[in-house]
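Hi,

Here is the structure for your files. My notes follow below it.

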Amino acid sequence: MTVLQLQELSKTFNGISALSNIDFTINEGEIVGLVGPNGAGKTTLFNLISGRLRPSTGKILFEGTDITGFKPHAVCKLGISRTFQSSRPFSRMSTLHNVLTGQVFGKGFSLHIRPEDEQMAHELLDVVGIAHKAKTLAADLTLSEQRRLDLARALATRPKLLLLDEVAAGFSPVLVKQAIKLINRVRERGVTLLIVDHFLNLSLKVADRLLALDHGEKIAEGPPNIVMRNREVLRAYLGMRYPDEEDD
């Protein structure tokens, strides 16, 4: 089943193209890595899918429904949630209450917190490995713990599709290994994932497919081992040139 379909999706800012005619689909249960150098358009694409920006042209289909231009809260209630490059917890709230906000404002909106909601919040904190910090203020968590909290709060909205934006940025090799296990645990919960990963420390290990962008254009798509041998991808990341390429 196709979960997400992008049709000729473009976005311009003051006449400058940030994304150009992106066609792409994500199937149920996949982990897809969205890769590319700085300025490639990765975060812009996330902002379009999640409703923070409206595309200049093109369509966004979620489970066959056209959600182009939907507001973020409407996108979330349909089943798309996201995290951000920088952790954004409610710093003066406890870790547990941060997760509960996701349950309150996600799918099945309700201001009434039931005992089963608190139980689910505790379970999600356990999934991301910070159940022992349930009563800790979010401001007092480490960077790694705050990123885990972001993930738990996003999962609390009951997403079908989860957009993870640089979830392992700045992580040590040990923390990256923990993040890989965590992402696989999320997929086991039936969640489809699209992961922005500039440094490729996650995508090459967990993704089924990669979508590579450069200067707002799709330059490659497919299995990681094939995409990472693509000339355009190597040029974008490493500045590599080939003997048959002439200087301008």
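Leaving aside its neighbours within four places in sequence, which residues is Asn27 in contact with? They are Met1, Thr2, Val3, Thr192 and Arg209; contact means heavy atoms within 4.5 Å.

Ground rules: this is a predicted model, where local features need pLDDT of at least 70, side-chain atom pairs count only at pLDDT 80 or more, and totals for chains, interfaces and linings use all residues. Residues are numbered from 1 along each chain as its sequence is written, and side-chain values use heavy atoms, with hydrogens and water left out.

More on Asn27. It lies in strand β2 (residues 16-27). Helices (H or I, at least four residues) and strands (E, at least two) are DSSP runs, numbered from the N terminus. Asn27 is partly exposed, at 31% relative accessible area. Buried is under 20%, exposed over 50%, partly exposed in between (1.4 Å probe, protein chains only).

Next, α9 (residues 231-238). Val233, Leu234 and Ala236 are buried there. They sit on the same side of α9, because their arc around the axis is only 165° (taken from the directions from the helix axis to the C-beta atoms). Their cover includes β9 (209-214), β10 (217-222) and α8 (224-227). Just after α9, Gly239 has a positive phi of about 70°.

Last, a helix pair. α3 (residues 95-105) and α4 (residues 115-127) pack at about 115°, axes 9 Å apart. Axes are lines fitted to C-alpha atoms, for helices over the stretch in contact; angles run from 0 to 180 degrees between N-to-C directions. Residues meeting across the pair include Leu96 and Val99 in α3, and Met120 and Leu124 in α4.

Best wishes
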